[in-house]
Amino acid sequence: MSDHEIQEQFEYFFEDVFFECEEKYGEIEEMCVCDNQCDHLRGNVYIKFRREEDAVKAAEDLNNRWYMFRPIYCDLCPVADFREASCRQFEMGQCGKGGFCNFWHVKPISHHFKNVLARSSRSRYKHRSRSRSRSRDKHSEKHADSKHRRRSRSRSRDRDRRDRRGRY
Ligand SMILES: [Zn+2]
């Protein structure tokens with residue numbers, strides 16, 4: 001696949017996840033996909049919802065979903081500021097640690113695609129009330145990497161994934 005085709009596929013994936021999550025769970029402020037090579041970050045998708053309760057709902061629901069024949073593992077993530085977690089050197093094309101850096105190497109999306117997302121979000125939410133309480137300190141993380149092993153949290157994971165049937 002050419003770089004162009006890879007980018008196209010990536011943006012298709014991004015769009016798919018972004019709009020489905022926004023539609024089902026609530027307004028998204030930011031979404032990042034990690035291009036790192038290390039196991040604990042590779043392919044991770046981080047979604048910052050405007051409202052904390054939407055993130056909670058997404059984290060619960062997405063754990064019952066599959067994406068492209070692979071189970072989704074999802075959890076709430078304590079990262080409050082995506083900029084802080086991201087590798088600045090990578091953004092400037094200068095990260096000496098390559099794919100094994102422990103800061104997020106956020107896979108960039110094209111300016112055109114950014115505009116599409118921004119326009120869509122604005123038109124979708126401009127009519128909504130601004131009076132709701134907003135919480136910006138909890139985020140939901142999800143990713144479709146079945147090899148990933150999560151830092152364990154005391155949540156039961158003994159549901160049988162074979163019974164899960166998502167749309168994918
Ligand atoms: Zn880096």
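Student: Which residues does the UniProt annotation "domain: C3H1-type" cover?

Tutor: First, this is a predicted model, where local features need pLDDT of at least 70, side-chain atom pairs count only at pLDDT 80 or more, and totals for chains, interfaces and linings use all residues. Numbering starts from 1 along each chain as its sequence is written. UniProt positions follow the numbering used here, with shortened feature names, and annotations may be inferred rather than shown by experiment. In that unreviewed entry, the domain covers residues 81–108.

Student: Which residues does Cys21 touch?

Tutor: Contact here means C-beta atoms, placed from the backbone, within 7 Å. Leaving out residues up to four places away in sequence, the partners of Cys21 are Ile28, Ile47 and Ala58.

Student: What is the average pLDDT of the protein chain?

Tutor: pLDDT is the predictor's confidence in each residue, from 0 to 100. Here 71% of the residues score at least 70, though residues 144–168 fall below 50. The chain average is 80.

Student: How many contacts beyond four places in sequence does the model have for residues 129–138?

Tutor: The pLDDT stays under 50 across residues 129–138. For that stretch, the count is 9.

How values were computed
Two residues are in contact if their C-beta atoms, placed from the backbone, lie within 7 Å.
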